[in-house]
Amino acid sequence: MVKEECKALLDALSKVTACYRHLVLTVGGTSDSQNLREELKKTRQKAQELAVANRNKLTAALRDKAVSKEDRAEFERLWVLFTSCMEILETDMKRALELGQEFPLNVPKKHLMQTGMSGGTSGVAARAMSVQNMKYDAERNIDVVDLKDLENEINQVGEMMYEMEMKVNVPQWTVEAKQDPGAELNSAISVAASSLGVIEVESKAPCNTRKVLAGVVFTAVLLVAIVLAVCVVKLS
């Protein structure tokens with residue numbers, strides 16, 4: 001039961017972390033807006049709530065000496081995945097802070113970047129928050145006010161990761177993966193490879209035909225040149 005709860009919490013954290021990264025990539029671009037800054041705030045706070053829940057569950061499970069060897073190995077694997085999510089979240093929070101400082105919304109002379117991305121981000125934020133529609137109620141200066149909160153939260157995440165390492169010592173290199181690296185992508189890769197194979201086979205035929213035709217034309221031109229040369233020699 002505890003193991004399933006940990007997996008569910010980790011899946012939720014992974015989803016929210018991925019959504020947060022997607023939102024961070026639009027900061028400073030033409031899709032940037034006050035709504036985006038509020039979405040960033042709500043999404044990262046949701047991620048931190050899930051992170052605390054993950055930490056509490058996994059820490060208790062790994063410190064329980066009654067856990068079987070097999071279950072402990074699974075909890076250690078989940079712990080490694082959890083710490084990886086936390087590192088990604090911390091990195092993206094720092095990136096959001098830098099971009100937020102570089103691109104304040106209410107500075108008319110500050111030009112936004114043409115990143116090639118367009119459209120709204122409310123759908124991504126709604127998936128992260130598990131709601132149908134986002135509600136916005138932030139003040140107009142959220143892009144400035146929230147930066148201080150973000151800076152404090154980055155420090156809190158760093159402190160939490162440090163405390164995690166002190167409480168539970170699970171070196172990543174001691175944890176064995178349950179499947180080969182990229183195994184979950186094998187089916188997609190094989191499909192892509194077969195598609196490429198079809199394309200390659202289909203494109204080889206016209207390519208070979210062109211080569212044969214070019215060879216025939218070249219040979220004919222060469223023979224004509226030789227015949228003309230012989231004629232010129234005889235006439236002279």
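**View 1. The chain from end to end.** From the N terminus on, the elements of the chain run α-α-α-α-α-α. That comes to six helices and zero strands; helices (H or I, at least four residues) and strands (E, at least two) are DSSP runs, numbered from the N terminus. This is a predicted model, in which local features need pLDDT of at least 70 and side-chain atom pairs count only at pLDDT 80 or more, while totals for chains, interfaces and linings use all residues. Residues are numbered from 1 along each chain as its sequence is written, and side-chain values use heavy atoms, with hydrogens and water left out. Of the 236 residues of the chain, 31% count as buried (under 20% relative accessible area; exposed is over 50% and partly exposed lies in between, with a 1.4 Å probe and protein chains only). Take the contacts between residues at least 6 apart in sequence: 85% of them join residues at least 24 apart (contact means heavy atoms within 4.5 Å).

**View 2. Helix 1 beside helix 2.** Two packed helices are described by the angle between their axes and the distance between the axes. Here, helix 1 (residues 2-24) packs with helix 2 at an angle of about 155 degrees, and their axes are 9 Å apart. Axes are lines fitted to C-alpha atoms, for helices over the stretch in contact, and angles run from 0 to 180 degrees between N-to-C directions. Helix 1 and helix 2 are therefore roughly antiparallel to each other (angles over 145 degrees; under 35 counts as roughly parallel, 65 to 115 as roughly perpendicular and the rest as oblique). Helix 1 passes helix 2 in a left-handed crossing, meaning that the near helix is turned anticlockwise from the far one by less than a right angle, whereas clockwise would be right-handed. By class, this contact of helix 1 with helix 2 has 18 nonpolar, two polar and five charged residues (Ala, Val, Leu, Ile, Met, Phe, Trp, Tyr, Cys and Pro count as nonpolar, Asp, Glu, Lys and Arg as charged, and the others, Gly among them, as polar).

**View 3. Helix 1 beside helix 3.** Helix 1 and helix 3 pack at about 20 degrees, with axes 10 Å apart. That makes helix 1 roughly parallel to helix 3. The crossing of helix 1 with helix 3 is left-handed. Their contact divides into 16 nonpolar, two polar and seven charged residues.

**View 4. Helix 2 against helix 3.** The axes of helix 2 (residues 34-62) and helix 3 (residues 69-102) come within 10 Å and cross at roughly 155 degrees. That makes helix 2 roughly antiparallel to helix 3. Residues of helix 2 including R37, A47, A51 and L58 meet residues of helix 3 that include F75, W79, F82 and M86. By class, the contact has 12 nonpolar, four polar and five charged residues.

View 5. A search of the whole structure finds one aromatic pair. The ring centres of W79 and F82 are 5.9 Å apart and the planes lie at 65 degrees, so the pair is edge-to-face (rings of Phe, Tyr and Trp, its six-membered ring, pair if their centres lie within 6.5 Å; planes over 60 degrees apart are edge-to-face, under 30 stacked and the rest tilted). Both residues lie in helix 3, three residues apart, about one turn of the helix. W79 and F82 are both buried.

**View 6. D137 in its loop.** Look for D137 in the loop between helix 4 (122-129) and helix 5 (142-167). D137 is exposed, with a relative accessible area of 64%. Leaving aside its neighbours within four places in sequence, D137 is in contact with E38 and K42.
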